Amino acid sequence: MSELLDRDTQLVVSRDGFYHYEVQSQDTLTLHLCLEEGVSVSGLLDLAGAAGEVNLQVALAKEAQCSLLVLNQSQKPLTVFEEVCLKKKAVYEISYGEFAAAKGKRVSAYHLSEEGAALNLHTAILCGHEADITQIAYQNAPATEAQLSTYGIVVEEGKLSAAITGKIVKGASGSQCQQKTKILTLGDRAGAKVIPQLLIDENEVQASHGLSIGQLEEASLYYLQSRGLSESEALRLVALGYLKPILHSLKESKLQAHLEALLQKKVSELWT
Amino acid sequence: MSRLTITDLHVRVEDKEILKGVSLTLKSGEIHALMGPNGNGKSTLLAAIMGHPRYTVTQGDIFLDDVSIKDWSVDQRSKAGLFLGMQTPQEISGVTNADFLKAAINARREQPIALFPFIKAMEAATKKLGMKEDLAHRFLNEGFSGGEKKRNEILQMVLLKPKFALLDEIDSGLDVDALKVVSSAILDVYKEESCGLLIVSHYGRFYDLVTPTHVHVLAEGVIIAEGDKSLADQIDAKGYDLLLKQHGVEIKKEREKAQLLGTCARSKK
């Protein structure tokens, strides 16, 4: 059962559990989520009924763990601001399924402010409109870890702009930051611009980034078709292949199944 | 008994005519070797039969069981029973071999294949081709060695059970042992499905393992000689020169175009 969020809400979570919220707001809504020390939760935040602006303010106390799937299927323009603060050894696993039917913007800032804090950010985007995504991980303490994975398909007249930044400050020794971004543009009018950045002011760190943006080659499509797949079937297969890695980021099997069914549906709608 | 018939096939790629009237008939249970010097149209013929969009048939026709397939899409031809084992198989990131093969099998079935029979068939084919067990979960040809790619082509052939398999230099990149494994898998499909094979290879060793019933030599876009396995042996021993001279064929070497240096000067309009 899901709970409706239609006004500013503050949630202080002191018990482990699973939470499911549906945002219904056409204006501005703020959700404060605070996890107390050692608490472990997972959940689904559904933004299908959201428009305007949604603010997510998340704070994880020492050794708290949060595994969250945010689904954006908004039908109207939506801006999401996400600000997350992680204390000592807190773990924040956030997966964004970005399938909005209107233009959208997201600015996510993650502050790994104490030793051992960890961020796992996975984004899967199916973009047929304008989408502007900014994701920044501030690694302000030693032995912090940030993984930022972004997989996307841009179709029709979609325009994706993404800035992905990992910042490791001086003194944050032993920290790790990995960025992986793969974007496929399908169609002559689809476009993508990605700016990956690693801003590092400490020597004892491990950091890497990999980025690929490209179109499906004619030869690849021919290869798939030569095994009996129609053009639509081939494109569906390739698109799912790009988006499916997000499933591995989800620990809850019911969330995995829910998202997998949604991916199948979205891809099938595009290539019938 | 199925029949693949090529009649007077002329094929252009961009502005260049590559095939200038090729005719041949391939029946179920026959193994045809297509030989000839490099760059004379062997791969073009195979790609044109499969319906590659870059190859334009300007004259002639292709029939499968007396039905013209010249205007069919690539996937239609595949579903009708044609299979092309490619010289350079594509790497497709994000798509696992298992997902791809399941989709390819389902494309030619009314009811999707159930998971268990699919896994069983995939495991058996993987074992037959001597490939690693993690193949199903690896992305399609991504990071595969040349030999692995060729084995994977034949693994697909094993699972898709074509009426006619067109194999374009499927033996290149294979070591001696791998060649035996691949040849054995090809022959298994050939025997089990009684399919027809049209094979392009430069190596007599491969034709010793998969013995052709018919041999065609293609040069300058036409078939200049036909025969049985002894023709392949003769070519393997003596090369093409004598054969070309006997048939009065001179291979035209394309003049290399002069490389023009670019300029940073702005042209005045």
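Is Trp271(A) buried or exposed? In this predicted model, Trp271(A) is buried, at a relative accessible area of 12% (buried means under 20% relative accessible area, exposed over 50%, partly exposed in between; 1.4 Å probe, protein chains only). Residues are numbered from 1 along each chain as its sequence is written, and chains are lettered from A and ligands numbered from 1 in the order in which they are written. Local features need pLDDT of at least 70, side-chain atom pairs count only at pLDDT 80 or more, and totals for chains, interfaces and linings use all residues; side-chain values use heavy atoms, with hydrogens and water left out.

Trp271(A) lies in the segment after helix 3 (253-270) of chain A. Helices (H or I, at least four residues) and strands (E, at least two) are DSSP runs, numbered from the N terminus. Beyond its neighbours within four places in sequence, Trp271(A) is in contact (heavy atoms within 4.5 Å) with Ile153(A), Val155(A), Leu186(A), Ser232(A), Leu235(A), Arg236(A) and Ala239(A).

Ser108(A) sits in strand 10 (residues 104-112) of chain A. Ser108(A) is buried, at 1% relative accessibility. Its side chain makes a polar contact of 2.7 Å with that of Glu82(A). A polar contact is a pair of N or O atoms within 3.5 Å; within protein, one must be able to donate a hydrogen and the other to accept it, and residues adjacent in sequence count only if both atoms are side-chain atoms.

The interface draws 20 residues from chain A and 32 residues from chain B. The two chains bury about 2,000 Å² between them, 63% of it on carbon and sulfur atoms. Buried area is the accessible area (1.4 Å probe) that two parts lose on being put together, summed over both. On the side of chain A, Tyr222(A), Tyr223(A) and Arg227(A) lose the most area, together 40% of what that side buries. Two salt bridges cross the interface (a side-chain nitrogen of Lys or Arg within 4 Å of a carboxyl oxygen of Asp or Glu). Arg227(A) pairs in this way with Glu153(B), the closest N and O atoms being 2.7 Å apart. Helix 1 of chain A gives the most, with seven residues.

Over all chains, the structure holds 18 salt bridges. One joins Arg106(A) and Glu98(A) at 2.7 Å, N to O. Arg106(A) is buried at 1% relative accessible area, and Glu98(A) is buried at 9%. In chain B, Lys79(B) bridges to Asp75(B) at 3.7 Å. The two are four residues apart in helix 2 (residues 74-79) of chain B, so about one helical turn separates them. Lys79(B) is partly exposed at 36%, whereas Asp75(B) is buried at 8%. Lys244(A), Glu260(A) and Asp99(B) are linked in a network of salt bridges.

In helix 8 (residues 229-238) of chain B, Lys229(B), Leu231(B), Ala232(B) and Ile235(B) are buried. Seen down the helix axis, the buried residues fall within an arc of 160°, so they line one face; the arc is that of the directions from the helix axis to the C-beta atoms. On the other side, Ala237(B) and Lys238(B) are exposed. Just after helix 8 of chain B, Gly239(B) takes a positive phi of about 80°.
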